[in-house]
Amino acid sequence: MKTKPMVHKTMKTKSNNSRRNFMYYIKRDWQLYLLLVFPIVIVLVFKYFPMAGLIIAFKDYKILKGFVGSEWVGFKNFAEIFSNKDFYRALRNTLTLNGLDLLLGFPMPIILAIMINEIRTLWYKKINQTLLYLPHFLSWVIIAGVAYQLFQPRTGLVNILLRNVGLEEIPFLTENTHWVFSYVLIGVWQSMGWGTIIYLASITSINPELYDSATIDGAGRWGKIRYITLPGIRSTITIILIINLGRIMGSSFERAHSLGNPIVKEVSSVIATYVYSAGIQAQKYSFTTAVGLFQSAVGLVLVLISDWISKKIGDEGLL
Amino acid sequence: MHNINEFRHSNYTKGKIIDLAADIFIYFTVGLLALLCVLPFVHVLAKSLSSDAKVTSQLVYLIPKDFNLKAYRSVIGDPSMIRSLWQTIKVTVIFTALGMFLTVCAAYPLTRKRLKGRNIISVFFIITLYFSGGIIPDYLLMHRLGLLNKSASLILPLAFSAYNMIIMRTSIQSTVPDSLEESAFLDGAGDIRILVQIVLPLCKPIIATLCLFYAVGRWNAYQDSVFYITRQPMYLLQHKLNLLIQTTNTTLTASEAQPDTVTNPEVIKSACIIFATLPIVIVYPFIQKYFVKGVMIGAVKG
(Lines give C-alpha, C1' and ligand atoms only; values in the text may rest on other atoms or scores of the structure.)
Protein backbone atom coordinates (compact mmCIF):
# COMPACT_ATOMS: atom_id res chain seq x y z
CA MET A 1 0.00 0.00 0.00
CA LYS A 2 2.72 2.37 0.90
CA THR A 3 4.98 1.71 -2.07
CA LYS A 4 2.31 1.81 -4.71
CA PRO A 5 1.78 5.59 -4.92
CA MET A 6 5.54 6.09 -4.89
CA VAL A 7 5.89 3.89 -7.94
CA HIS A 8 3.01 5.63 -9.50
CA LYS A 9 4.63 9.00 -8.91
CA THR A 10 7.91 8.12 -10.57
CA MET A 11 6.08 6.48 -13.45
CA LYS A 12 4.28 9.71 -14.17
CA THR A 13 5.54 11.63 -17.18
CA LYS A 14 8.65 13.67 -16.77
CA SER A 15 6.98 16.93 -17.82
CA ASN A 16 4.71 16.78 -14.85
CA ASN A 17 7.73 16.38 -12.67
CA SER A 18 9.57 19.34 -14.14
CA ARG A 19 6.47 21.46 -13.96
CA ARG A 20 6.37 20.91 -10.26
CA ASN A 21 10.05 21.77 -10.20
CA PHE A 22 9.38 24.97 -12.06
CA MET A 23 6.74 25.98 -9.53
CA TYR A 24 9.20 25.07 -6.84
CA TYR A 25 11.77 27.47 -8.31
CA ILE A 26 9.24 30.24 -8.66
CA LYS A 27 8.28 29.74 -5.05
CA ARG A 28 11.84 29.64 -3.81
CA ASP A 29 13.14 32.57 -5.91
CA TRP A 30 9.99 34.62 -6.25
CA GLN A 31 11.77 37.74 -5.04
CA LEU A 32 14.33 37.48 -7.82
CA TYR A 33 11.61 36.97 -10.42
CA LEU A 34 9.71 39.90 -8.97
CA LEU A 35 12.75 42.14 -9.46
CA LEU A 36 13.10 40.93 -13.03
CA VAL A 37 9.50 41.79 -13.85
CA PHE A 38 10.23 45.54 -14.02
CA PRO A 39 13.05 45.50 -16.59
CA ILE A 40 11.38 42.71 -18.56
CA VAL A 41 8.18 44.70 -18.94
CA ILE A 42 10.04 47.86 -19.94
CA VAL A 43 12.22 45.99 -22.45
CA LEU A 44 9.25 44.12 -23.85
CA VAL A 45 7.24 47.28 -24.39
CA PHE A 46 9.93 49.68 -25.52
CA LYS A 47 12.37 47.39 -27.34
CA TYR A 48 10.49 44.30 -28.50
CA PHE A 49 7.22 45.96 -29.50
CA PRO A 50 9.05 48.25 -31.94
CA MET A 51 10.88 45.22 -33.34
CA ALA A 52 7.51 43.60 -33.94
CA GLY A 53 6.39 46.93 -35.38
CA LEU A 54 8.86 46.37 -38.22
CA ILE A 55 6.14 44.31 -39.93
CA ILE A 56 4.64 47.55 -41.16
CA ALA A 57 7.51 47.64 -43.64
CA PHE A 58 5.49 44.97 -45.44
CA LYS A 59 2.15 46.70 -44.95
CA ASP A 60 0.48 49.90 -45.97
CA TYR A 61 0.32 51.33 -42.48
CA LYS A 62 -2.58 53.61 -41.68
CA ILE A 63 -2.72 55.12 -38.22
CA LEU A 64 -6.44 54.52 -37.96
CA LYS A 65 -6.20 50.86 -38.97
CA GLY A 66 -3.28 50.11 -36.66
CA PHE A 67 -0.48 47.57 -36.88
CA VAL A 68 -2.74 44.56 -37.29
CA GLY A 69 -5.51 46.07 -39.38
CA SER A 70 -3.36 47.69 -42.07
CA GLU A 71 -3.16 45.88 -45.38
CA TRP A 72 -0.28 43.64 -46.41
CA VAL A 73 1.56 44.87 -49.49
CA GLY A 74 4.49 42.47 -49.64
CA PHE A 75 7.71 44.06 -50.88
CA LYS A 76 6.06 47.07 -52.45
CA ASN A 77 7.68 49.49 -50.01
CA PHE A 78 11.11 48.05 -50.71
CA ALA A 79 10.56 48.31 -54.44
CA GLU A 80 9.60 51.93 -53.92
CA ILE A 81 12.80 52.65 -51.99
CA PHE A 82 14.89 51.92 -55.04
CA SER A 83 12.98 54.24 -57.26
CA ASN A 84 13.21 57.12 -54.81
CA LYS A 85 15.72 59.84 -55.63
CA ASP A 86 15.87 61.30 -52.13
CA PHE A 87 16.64 57.88 -50.72
CA TYR A 88 19.52 57.44 -53.15
CA ARG A 89 20.88 60.79 -52.12
CA ALA A 90 20.68 59.84 -48.43
CA LEU A 91 22.27 56.46 -49.14
CA ARG A 92 25.06 58.01 -51.18
CA ASN A 93 25.76 60.60 -48.49
CA THR A 94 25.69 58.00 -45.72
CA LEU A 95 28.19 55.80 -47.53
CA THR A 96 30.44 58.71 -48.53
CA LEU A 97 30.54 60.23 -45.06
CA ASN A 98 31.02 56.89 -43.31
CA GLY A 99 33.62 55.78 -45.83
CA LEU A 100 35.66 58.92 -45.25
CA ASP A 101 35.09 58.57 -41.51
CA LEU A 102 36.55 55.09 -41.65
CA LEU A 103 39.44 56.13 -43.85
CA LEU A 104 40.51 59.07 -41.68
CA GLY A 105 38.96 58.24 -38.34
CA PHE A 106 39.97 54.63 -38.00
CA PRO A 107 43.78 54.94 -38.12
CA MET A 108 43.91 58.10 -36.02
CA PRO A 109 43.30 56.52 -32.58
CA ILE A 110 45.85 53.80 -33.34
CA ILE A 111 48.55 56.32 -34.22
CA LEU A 112 47.62 58.48 -31.26
CA ALA A 113 47.61 55.54 -28.84
CA ILE A 114 51.08 54.50 -29.95
CA MET A 115 52.32 58.06 -29.51
CA ILE A 116 50.70 58.40 -26.08
CA ASN A 117 52.28 55.11 -25.10
CA GLU A 118 55.70 56.53 -25.96
CA ILE A 119 55.27 59.40 -23.51
CA ARG A 120 57.10 58.49 -20.33
CA THR A 121 56.43 61.64 -18.34
CA LEU A 122 53.43 60.50 -16.38
CA TRP A 123 51.85 63.87 -15.57
CA TYR A 124 52.19 65.04 -19.16
CA LYS A 125 50.53 61.85 -20.37
CA LYS A 126 47.67 62.23 -17.89
CA ILE A 127 46.95 65.86 -18.77
CA ASN A 128 46.95 65.16 -22.47
CA GLN A 129 44.66 62.17 -22.10
CA THR A 130 42.22 64.18 -20.03
CA LEU A 131 42.09 66.90 -22.66
CA LEU A 132 41.85 64.44 -25.54
CA TYR A 133 38.90 62.61 -23.99
CA LEU A 134 36.92 65.80 -23.40
CA PRO A 135 35.11 66.12 -26.77
CA HIS A 136 33.66 62.64 -26.33
CA PHE A 137 31.61 63.87 -23.39
CA LEU A 138 29.97 66.75 -25.18
CA SER A 139 26.84 66.53 -27.25
CA TRP A 140 26.79 66.99 -31.00
CA VAL A 141 24.75 70.14 -30.52
CA ILE A 142 27.53 71.71 -28.49
CA ILE A 143 30.20 70.50 -30.90
CA ALA A 144 28.23 71.86 -33.84
CA GLY A 145 27.72 75.13 -31.98
CA VAL A 146 31.45 75.46 -31.38
CA ALA A 147 32.18 74.44 -34.98
CA TYR A 148 29.99 77.23 -36.29
CA GLN A 149 31.68 79.69 -33.95
CA LEU A 150 35.01 78.70 -35.48
CA PHE A 151 34.25 78.04 -39.12
CA GLN A 152 31.38 80.32 -40.00
CA PRO A 153 31.97 82.73 -42.87
CA ARG A 154 32.86 86.27 -41.74
CA THR A 155 32.46 85.82 -37.99
CA GLY A 156 34.15 82.45 -37.44
CA LEU A 157 37.50 82.58 -35.66
CA VAL A 158 39.39 80.55 -38.24
CA ASN A 159 38.11 82.69 -41.07
CA ILE A 160 39.00 85.84 -39.14
CA LEU A 161 42.52 84.51 -38.70
CA LEU A 162 42.75 83.56 -42.37
CA ARG A 163 41.72 87.07 -43.35
CA ASN A 164 44.17 88.60 -40.91
CA VAL A 165 47.10 86.84 -42.56
CA GLY A 166 45.83 87.91 -45.94
CA LEU A 167 44.31 84.64 -47.11
CA GLU A 168 40.89 84.04 -48.51
CA GLU A 169 38.04 82.74 -46.38
CA ILE A 170 37.22 79.06 -46.55
CA PRO A 171 33.52 78.08 -46.64
CA PHE A 172 34.08 75.17 -44.24
CA LEU A 173 30.42 74.58 -43.46
CA THR A 174 28.66 76.38 -46.24
CA GLU A 175 29.91 74.68 -49.40
CA ASN A 176 29.22 71.03 -50.23
CA THR A 177 32.70 69.57 -50.60
CA HIS A 178 34.12 71.63 -47.75
CA TRP A 179 31.23 70.61 -45.54
CA VAL A 180 31.87 66.91 -46.16
CA PHE A 181 35.48 67.24 -45.04
CA SER A 182 34.57 69.45 -42.11
CA TYR A 183 32.00 66.88 -41.02
CA VAL A 184 34.54 64.08 -41.20
CA LEU A 185 37.38 65.98 -39.55
CA ILE A 186 35.15 67.21 -36.73
CA GLY A 187 34.20 63.57 -36.18
CA VAL A 188 37.84 62.52 -36.12
CA TRP A 189 38.57 65.31 -33.67
CA GLN A 190 35.70 64.27 -31.44
CA SER A 191 36.50 60.59 -31.26
CA MET A 192 40.27 60.23 -31.69
CA GLY A 193 41.10 60.61 -28.00
CA TRP A 194 38.39 58.35 -26.74
CA GLY A 195 39.27 55.74 -29.35
CA THR A 196 42.79 55.40 -27.92
CA ILE A 197 41.54 53.85 -24.66
CA ILE A 198 40.95 50.43 -26.10
CA TYR A 199 44.31 50.38 -27.92
CA LEU A 200 46.22 51.66 -24.89
CA ALA A 201 44.70 48.87 -22.81
CA SER A 202 45.64 46.41 -25.49
CA ILE A 203 49.24 47.70 -25.54
CA THR A 204 49.47 47.33 -21.75
CA SER A 205 48.66 43.66 -22.06
CA ILE A 206 51.67 43.00 -24.30
CA ASN A 207 54.33 41.01 -22.46
CA PRO A 208 57.09 43.49 -21.45
CA GLU A 209 59.73 40.81 -21.86
CA LEU A 210 59.22 41.06 -25.60
CA TYR A 211 60.41 44.66 -25.50
CA ASP A 212 63.39 43.71 -23.34
CA SER A 213 64.56 41.05 -25.71
CA ALA A 214 64.01 43.34 -28.66
CA THR A 215 66.22 45.93 -26.98
CA ILE A 216 68.93 43.35 -26.49
CA ASP A 217 68.59 42.37 -30.12
CA GLY A 218 69.29 46.00 -30.97
CA ALA A 219 65.81 47.09 -32.02
CA GLY A 220 65.23 50.82 -31.86
CA ARG A 221 62.05 52.56 -30.92
CA TRP A 222 60.54 52.31 -34.38
CA GLY A 223 61.54 48.66 -34.64
CA LYS A 224 59.75 47.90 -31.40
CA ILE A 225 56.60 49.65 -32.55
CA ARG A 226 56.75 47.90 -35.89
CA TYR A 227 57.54 44.38 -34.68
CA ILE A 228 56.05 44.20 -31.18
CA THR A 229 53.42 46.88 -30.49
CA LEU A 230 51.57 46.69 -33.79
CA PRO A 231 51.42 42.88 -33.97
CA GLY A 232 50.47 42.89 -30.29
CA ILE A 233 47.38 45.00 -30.86
CA ARG A 234 46.52 43.42 -34.19
CA SER A 235 43.49 41.51 -32.94
CA THR A 236 42.09 44.63 -31.28
CA ILE A 237 42.55 46.55 -34.51
CA THR A 238 40.71 43.82 -36.40
CA ILE A 239 37.80 43.80 -33.99
CA ILE A 240 37.42 47.58 -34.08
CA LEU A 241 37.63 47.48 -37.87
CA ILE A 242 34.85 44.87 -38.03
CA ILE A 243 32.68 46.96 -35.75
CA ASN A 244 33.33 50.05 -37.87
CA LEU A 245 32.62 48.22 -41.13
CA GLY A 246 29.33 47.09 -39.69
CA ARG A 247 28.49 50.70 -39.01
CA ILE A 248 29.16 51.92 -42.52
CA MET A 249 25.45 51.82 -43.30
CA GLY A 250 24.52 53.38 -39.97
CA SER A 251 24.11 57.07 -39.50
CA SER A 252 24.04 59.33 -36.50
CA PHE A 253 20.97 61.51 -36.65
CA GLU A 254 22.36 63.98 -34.15
CA ARG A 255 25.69 64.48 -35.89
CA ALA A 256 24.22 65.04 -39.35
CA HIS A 257 21.30 67.06 -38.02
CA SER A 258 23.32 69.43 -35.87
CA LEU A 259 26.24 69.96 -38.26
CA GLY A 260 24.05 70.25 -41.33
CA ASN A 261 22.38 73.38 -42.62
CA PRO A 262 20.03 74.17 -45.50
CA ILE A 263 22.85 75.36 -47.76
CA VAL A 264 24.52 71.94 -47.81
CA LYS A 265 21.32 69.86 -47.79
CA GLU A 266 22.47 68.03 -50.89
CA VAL A 267 25.38 66.37 -49.06
CA SER A 268 24.23 66.44 -45.44
CA SER A 269 21.07 64.37 -45.73
CA VAL A 270 21.86 60.89 -44.39
CA ILE A 271 19.53 57.93 -43.91
CA ALA A 272 18.59 58.84 -40.34
CA THR A 273 17.71 62.44 -41.17
CA TYR A 274 15.91 61.29 -44.30
CA VAL A 275 13.83 58.80 -42.31
CA TYR A 276 12.99 61.59 -39.89
CA SER A 277 11.83 64.02 -42.55
CA ALA A 278 10.05 61.49 -44.79
CA GLY A 279 8.71 59.41 -41.91
CA ILE A 280 7.86 61.57 -38.95
CA GLN A 281 7.42 64.86 -40.80
CA ALA A 282 5.85 63.63 -44.06
CA GLN A 283 4.21 60.61 -42.37
CA LYS A 284 5.27 57.97 -44.89
CA TYR A 285 5.50 55.44 -42.07
CA SER A 286 5.61 52.14 -43.92
CA PHE A 287 8.02 53.40 -46.53
CA THR A 288 10.50 54.78 -44.01
CA THR A 289 10.23 51.69 -41.81
CA ALA A 290 11.26 49.73 -44.89
CA VAL A 291 14.20 52.11 -45.33
CA GLY A 292 15.26 51.53 -41.71
CA LEU A 293 14.90 47.77 -42.06
CA PHE A 294 16.92 47.78 -45.27
CA GLN A 295 19.61 49.82 -43.53
CA SER A 296 19.95 47.46 -40.57
CA ALA A 297 19.77 44.34 -42.73
CA VAL A 298 22.64 45.55 -44.91
CA GLY A 299 24.54 46.55 -41.77
CA LEU A 300 24.15 43.06 -40.35
CA VAL A 301 25.28 41.43 -43.56
CA LEU A 302 28.33 43.68 -43.63
CA VAL A 303 29.29 42.67 -40.09
CA LEU A 304 28.92 38.99 -40.95
CA ILE A 305 31.00 39.35 -44.11
CA SER A 306 33.83 41.24 -42.44
CA ASP A 307 33.80 38.80 -39.55
CA TRP A 308 34.08 35.92 -42.01
CA ILE A 309 36.93 37.60 -43.87
CA SER A 310 38.86 38.30 -40.68
CA LYS A 311 38.53 34.65 -39.64
CA LYS A 312 39.70 33.60 -43.11
CA ILE A 313 42.87 35.65 -42.89
CA GLY A 314 43.62 34.10 -39.53
CA ASP A 315 42.53 36.71 -37.05
CA GLU A 316 40.05 36.01 -34.36
CA GLY A 317 36.56 37.13 -35.26
CA LEU A 318 34.05 39.10 -33.32
CA LEU A 319 31.14 36.70 -33.30
CA MET B 1 64.41 47.83 -19.59
CA HIS B 2 64.89 51.53 -19.42
CA ASN B 3 68.46 51.23 -18.17
CA ILE B 4 69.49 48.91 -20.94
CA ASN B 5 68.01 51.35 -23.39
CA GLU B 6 70.02 54.26 -22.09
CA PHE B 7 73.15 52.20 -21.77
CA ARG B 8 72.89 51.18 -25.39
CA HIS B 9 72.24 54.68 -26.55
CA SER B 10 75.16 56.14 -24.65
CA ASN B 11 77.38 54.19 -27.03
CA TYR B 12 75.68 55.53 -30.09
CA THR B 13 75.26 59.26 -30.05
CA LYS B 14 73.46 59.21 -33.36
CA GLY B 15 70.79 56.88 -31.98
CA LYS B 16 70.46 59.13 -28.97
CA ILE B 17 69.83 62.18 -31.08
CA ILE B 18 67.26 60.38 -33.19
CA ASP B 19 65.56 59.18 -30.04
CA LEU B 20 65.49 62.68 -28.61
CA ALA B 21 64.08 64.05 -31.87
CA ALA B 22 61.38 61.38 -31.82
CA ASP B 23 60.57 62.28 -28.23
CA ILE B 24 60.25 65.95 -29.05
CA PHE B 25 58.08 65.17 -32.05
CA ILE B 26 55.78 62.89 -30.05
CA TYR B 27 55.47 65.18 -27.02
CA PHE B 28 54.79 68.13 -29.27
CA THR B 29 52.24 66.41 -31.53
CA VAL B 30 50.25 64.87 -28.70
CA GLY B 31 50.29 68.15 -26.80
CA LEU B 32 49.13 70.02 -29.87
CA LEU B 33 46.26 67.63 -30.51
CA ALA B 34 45.23 67.87 -26.87
CA LEU B 35 45.24 71.67 -27.10
CA LEU B 36 43.09 71.46 -30.21
CA CYS B 37 40.52 69.69 -28.08
CA VAL B 38 40.14 72.54 -25.60
CA LEU B 39 41.09 75.75 -27.39
CA PRO B 40 37.80 75.91 -29.31
CA PHE B 41 35.97 75.95 -26.00
CA VAL B 42 38.29 78.55 -24.57
CA HIS B 43 37.50 80.74 -27.56
CA VAL B 44 33.75 80.32 -27.14
CA LEU B 45 34.07 81.03 -23.42
CA ALA B 46 36.07 84.17 -24.13
CA LYS B 47 33.47 85.34 -26.62
CA SER B 48 30.65 84.77 -24.18
CA LEU B 49 32.37 86.92 -21.57
CA SER B 50 33.26 89.79 -23.89
CA SER B 51 31.35 92.89 -24.84
CA ASP B 52 29.30 93.00 -28.02
CA ALA B 53 31.47 95.67 -29.53
CA LYS B 54 34.71 93.72 -29.15
CA VAL B 55 33.17 90.58 -30.62
CA THR B 56 31.63 92.50 -33.50
CA SER B 57 34.96 94.10 -34.32
CA GLN B 58 36.46 90.59 -34.14
CA LEU B 59 39.08 91.26 -31.50
CA VAL B 60 38.32 88.32 -29.23
CA TYR B 61 40.49 85.22 -29.53
CA LEU B 62 41.22 83.30 -26.35
CA ILE B 63 40.95 85.99 -23.69
CA PRO B 64 37.74 87.89 -22.95
CA LYS B 65 37.80 91.60 -23.84
CA ASP B 66 35.73 94.03 -21.75
CA PHE B 67 34.83 91.25 -19.33
CA ASN B 68 31.12 91.18 -18.50
CA LEU B 69 28.32 88.72 -17.74
CA LYS B 70 25.61 90.45 -19.78
CA ALA B 71 25.17 87.55 -22.17
CA TYR B 72 24.68 85.10 -19.33
CA ARG B 73 22.22 87.44 -17.72
CA SER B 74 20.12 87.51 -20.86
CA VAL B 75 20.35 83.71 -21.21
CA ILE B 76 19.20 83.19 -17.66
CA GLY B 77 16.67 85.97 -18.05
CA ASP B 78 15.02 84.19 -20.95
CA PRO B 79 12.04 82.29 -19.50
CA SER B 80 11.95 79.72 -22.30
CA MET B 81 15.60 78.91 -21.62
CA ILE B 82 14.91 78.38 -17.94
CA ARG B 83 11.93 76.20 -18.76
CA SER B 84 14.07 74.06 -21.05
CA LEU B 85 16.73 73.84 -18.38
CA TRP B 86 14.19 72.80 -15.78
CA GLN B 87 12.65 70.26 -18.15
CA THR B 88 16.10 68.82 -18.87
CA ILE B 89 16.99 68.60 -15.18
CA LYS B 90 13.68 66.95 -14.37
CA VAL B 91 13.97 64.42 -17.18
CA THR B 92 17.61 63.68 -16.40
CA VAL B 93 16.97 63.07 -12.70
CA ILE B 94 13.96 60.80 -13.23
CA PHE B 95 15.67 59.03 -16.10
CA THR B 96 18.77 58.34 -14.04
CA ALA B 97 16.80 57.07 -11.05
CA LEU B 98 14.59 54.82 -13.16
CA GLY B 99 17.50 53.60 -15.27
CA MET B 100 19.46 52.68 -12.17
CA PHE B 101 16.46 50.93 -10.63
CA LEU B 102 15.90 48.83 -13.76
CA THR B 103 19.59 48.07 -14.08
CA VAL B 104 19.81 46.76 -10.52
CA CYS B 105 16.55 44.82 -10.89
CA ALA B 106 17.91 43.09 -13.97
CA ALA B 107 21.55 42.67 -12.96
CA TYR B 108 21.21 41.27 -9.46
CA PRO B 109 18.97 38.26 -10.20
CA LEU B 110 21.18 37.39 -13.16
CA THR B 111 24.17 37.00 -10.86
CA ARG B 112 22.39 34.27 -8.85
CA LYS B 113 23.49 30.96 -10.29
CA ARG B 114 20.55 29.07 -8.79
CA LEU B 115 18.08 31.17 -10.78
CA LYS B 116 16.19 29.07 -13.34
CA GLY B 117 15.99 30.61 -16.79
CA ARG B 118 18.98 32.87 -16.10
CA ASN B 119 20.52 32.38 -19.55
CA ILE B 120 17.32 32.93 -21.47
CA ILE B 121 16.53 36.13 -19.59
CA SER B 122 20.08 37.29 -20.11
CA VAL B 123 19.82 36.74 -23.86
CA PHE B 124 16.44 38.49 -23.82
CA PHE B 125 18.15 41.63 -22.51
CA ILE B 126 21.33 41.43 -24.58
CA ILE B 127 19.48 41.08 -27.88
CA THR B 128 18.45 44.71 -27.45
CA LEU B 129 22.10 45.69 -27.90
CA TYR B 130 22.08 44.34 -31.43
CA PHE B 131 18.55 44.74 -32.71
CA SER B 132 16.04 47.54 -32.51
CA GLY B 133 12.88 48.63 -34.23
CA GLY B 134 14.38 51.86 -35.51
CA ILE B 135 13.16 55.42 -35.66
CA ILE B 136 9.69 54.94 -37.11
CA PRO B 137 8.48 51.89 -35.13
CA ASP B 138 9.71 53.65 -31.97
CA TYR B 139 7.85 56.78 -32.96
CA LEU B 140 4.64 54.90 -33.76
CA LEU B 141 4.82 53.15 -30.40
CA MET B 142 5.04 56.53 -28.66
CA HIS B 143 2.10 57.63 -30.74
CA ARG B 144 0.02 54.55 -29.83
CA LEU B 145 0.85 54.92 -26.16
CA GLY B 146 -0.11 58.58 -26.28
CA LEU B 147 3.32 59.64 -25.07
CA LEU B 148 4.07 62.21 -27.77
CA ASN B 149 4.71 65.57 -26.15
CA LYS B 150 5.01 63.91 -22.75
CA SER B 151 8.18 63.81 -20.67
CA ALA B 152 7.68 60.04 -20.35
CA SER B 153 8.69 59.64 -24.00
CA LEU B 154 12.10 61.01 -23.11
CA ILE B 155 12.45 58.73 -20.09
CA LEU B 156 10.94 55.30 -20.65
CA PRO B 157 12.31 54.12 -24.03
CA LEU B 158 15.97 54.60 -23.14
CA ALA B 159 15.70 53.88 -19.42
CA PHE B 160 16.98 50.34 -19.69
CA SER B 161 20.46 49.93 -21.07
CA ALA B 162 21.68 46.37 -21.58
CA TYR B 163 25.20 47.73 -21.75
CA ASN B 164 24.96 49.20 -18.26
CA MET B 165 23.25 46.05 -17.04
CA ILE B 166 26.24 44.00 -18.15
CA ILE B 167 28.60 46.37 -16.34
CA MET B 168 26.48 46.14 -13.19
CA ARG B 169 26.29 42.37 -13.35
CA THR B 170 30.01 41.94 -13.87
CA SER B 171 30.69 44.32 -11.05
CA ILE B 172 28.36 42.60 -8.56
CA GLN B 173 29.99 39.30 -9.41
CA SER B 174 33.44 40.65 -8.74
CA THR B 175 32.76 42.76 -5.63
CA VAL B 176 30.28 40.64 -3.67
CA PRO B 177 31.56 37.18 -2.74
CA ASP B 178 29.06 34.45 -3.59
CA SER B 179 29.52 32.88 -0.19
CA LEU B 180 28.34 36.04 1.55
CA GLU B 181 25.02 36.05 -0.28
CA GLU B 182 24.55 32.31 -0.06
CA SER B 183 25.04 32.26 3.68
CA ALA B 184 22.61 35.13 4.14
CA PHE B 185 20.16 33.25 1.94
CA LEU B 186 20.54 30.06 3.96
CA ASP B 187 20.07 32.09 7.15
CA GLY B 188 16.63 32.89 5.80
CA ALA B 189 17.14 36.41 4.48
CA GLY B 190 15.01 37.16 1.42
CA ASP B 191 16.73 38.05 -1.86
CA ILE B 192 15.48 41.61 -1.83
CA ARG B 193 16.76 42.10 1.68
CA ILE B 194 20.15 40.69 0.70
CA LEU B 195 20.20 43.05 -2.28
CA VAL B 196 19.33 46.12 -0.26
CA GLN B 197 21.36 45.39 2.86
CA ILE B 198 24.42 43.60 1.52
CA VAL B 199 24.87 43.95 -2.22
CA LEU B 200 23.94 47.59 -2.83
CA PRO B 201 26.12 49.02 -0.02
CA LEU B 202 29.09 47.08 -1.39
CA CYS B 203 28.39 48.33 -4.91
CA LYS B 204 28.16 52.04 -4.16
CA PRO B 205 31.05 53.02 -6.47
CA ILE B 206 29.65 51.23 -9.50
CA ILE B 207 26.18 52.61 -8.78
CA ALA B 208 27.59 56.12 -8.72
CA THR B 209 29.41 55.42 -11.97
CA LEU B 210 26.37 54.09 -13.77
CA CYS B 211 24.27 56.99 -12.51
CA LEU B 212 26.77 59.29 -14.21
CA PHE B 213 26.62 57.21 -17.40
CA TYR B 214 22.86 57.56 -17.46
CA ALA B 215 22.84 61.23 -16.51
CA VAL B 216 25.50 62.32 -19.01
CA GLY B 217 23.88 60.28 -21.76
CA ARG B 218 20.49 61.83 -21.09
CA TRP B 219 21.88 65.33 -20.77
CA ASN B 220 23.61 65.12 -24.14
CA ALA B 221 20.96 63.37 -26.24
CA TYR B 222 18.35 65.36 -28.11
CA GLN B 223 17.28 63.08 -30.95
CA ASP B 224 14.17 61.86 -29.12
CA SER B 225 13.26 65.41 -28.19
CA VAL B 226 13.28 66.28 -31.90
CA PHE B 227 11.19 63.22 -32.74
CA TYR B 228 8.64 63.18 -29.96
CA ILE B 229 8.27 66.73 -28.71
CA THR B 230 6.61 69.38 -30.82
CA ARG B 231 5.61 71.82 -28.11
CA GLN B 232 8.35 74.44 -27.67
CA PRO B 233 8.19 74.79 -23.87
CA MET B 234 8.97 71.09 -23.46
CA TYR B 235 12.12 71.07 -25.60
CA LEU B 236 15.20 69.72 -23.91
CA LEU B 237 18.04 72.18 -23.49
CA GLN B 238 20.14 70.55 -26.23
CA HIS B 239 17.20 70.64 -28.62
CA LYS B 240 16.61 74.29 -27.85
CA LEU B 241 20.28 75.07 -28.29
CA ASN B 242 20.28 73.28 -31.62
CA LEU B 243 17.35 75.34 -32.78
CA LEU B 244 19.07 78.52 -31.68
CA ILE B 245 22.26 77.66 -33.54
CA GLN B 246 20.40 76.56 -36.65
CA THR B 247 18.13 79.55 -36.91
CA THR B 248 20.82 82.12 -36.43
CA ASN B 249 22.93 80.37 -39.01
CA THR B 250 20.32 80.74 -41.68
CA THR B 251 19.28 84.23 -40.74
CA LEU B 252 22.74 85.32 -39.79
CA THR B 253 23.11 88.08 -42.33
CA ALA B 254 19.68 89.42 -41.53
CA SER B 255 20.26 89.68 -37.81
CA GLU B 256 23.66 91.19 -38.35
CA ALA B 257 22.15 93.88 -40.48
CA GLN B 258 20.05 95.10 -37.61
CA PRO B 259 22.13 97.36 -35.43
CA ASP B 260 19.41 97.71 -32.82
CA THR B 261 19.68 94.11 -31.54
CA VAL B 262 20.37 94.22 -27.84
CA THR B 263 23.15 91.69 -27.97
CA ASN B 264 25.25 90.25 -30.75
CA PRO B 265 23.77 86.81 -31.62
CA GLU B 266 27.28 85.38 -31.62
CA VAL B 267 27.76 86.37 -28.00
CA ILE B 268 24.39 84.98 -26.98
CA LYS B 269 25.12 81.75 -28.81
CA SER B 270 28.50 81.46 -27.10
CA ALA B 271 26.90 81.97 -23.74
CA CYS B 272 24.29 79.31 -24.50
CA ILE B 273 26.93 76.83 -25.58
CA ILE B 274 28.91 77.38 -22.39
CA PHE B 275 25.71 77.26 -20.38
CA ALA B 276 24.90 73.78 -21.74
CA THR B 277 28.50 72.59 -21.52
CA LEU B 278 29.14 73.71 -17.97
CA PRO B 279 27.42 70.86 -16.11
CA ILE B 280 29.40 68.30 -18.08
CA VAL B 281 32.69 70.11 -17.63
CA ILE B 282 32.06 70.37 -13.88
CA VAL B 283 31.52 66.64 -13.44
CA TYR B 284 34.07 65.68 -16.09
CA PRO B 285 37.15 65.43 -13.85
CA PHE B 286 35.31 63.05 -11.54
CA ILE B 287 33.68 60.89 -14.17
CA GLN B 288 36.49 60.50 -16.66
CA LYS B 289 38.22 57.53 -15.05
CA TYR B 290 34.93 55.70 -14.50
CA PHE B 291 34.04 56.06 -18.13
CA VAL B 292 37.42 54.69 -19.10
CA LYS B 293 36.75 51.69 -16.86
CA GLY B 294 33.31 51.32 -18.42
CA VAL B 295 34.86 51.09 -21.88
CA MET B 296 37.09 48.29 -20.65
CA ILE B 297 34.32 46.29 -19.01
CA GLY B 298 32.16 46.78 -22.07
CA ALA B 299 34.99 45.57 -24.29
CA VAL B 300 35.65 42.46 -22.19
CA LYS B 301 32.10 41.25 -22.57
CA GLY B 302 32.39 40.94 -26.37
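User: Where does B:Q288 lie?
Analyst: B:Q288 lies in helix α16 of chain B, residues 265-301. Helices are DSSP runs of H or I, at least four residues, numbered from the N terminus. This is a predicted model: local features need pLDDT of at least 70, side-chain atom pairs count only at pLDDT 80 or more, and totals for chains, interfaces and linings use all residues. Residues are numbered from 1 along each chain as its sequence is written, and side-chain values use heavy atoms, without hydrogens and water.

User: Is B:Q288 buried or exposed?
Analyst: B:Q288 counts as buried because its relative accessibility is 12%. Buried means under 20% relative accessible area, exposed over 50%, partly exposed in between (1.4 Å probe, protein chains only).

User: What does B:Q288 touch?
Analyst: A:T130, A:Y133 and A:F137, not counting residues up to four places away in sequence. Contact means heavy atoms within 4.5 Å.

User: OK, the interface. How many residues does the contact take from each chain?
Analyst: 99 from chain B and 90 from chain A.

User: And how much area do chain B and chain A bury?
Analyst: About 9,000 Å² between them, 73% of it on carbon and sulfur atoms. That is accessible area (1.4 Å probe) lost on putting the two parts together, summed over both.

User: How many salt bridges across it?
Analyst: The rule finds four between chain B and chain A. It wants a side-chain nitrogen of Lys or Arg within 4 Å of a carboxyl oxygen of Asp or Glu. One of them pairs A:D29 with B:R114, at 2.3 Å, N to O.

User: Which helix of chain B gives the most to the side touching chain A?
Analyst: Helix α2, residues 13-48, with 19 residues.

Conventions
Chains lettered and ligands numbered in written order. Helix = DSSP H or I, 4+ residues; strand = E, 2+ residues; numbered from the N terminus.
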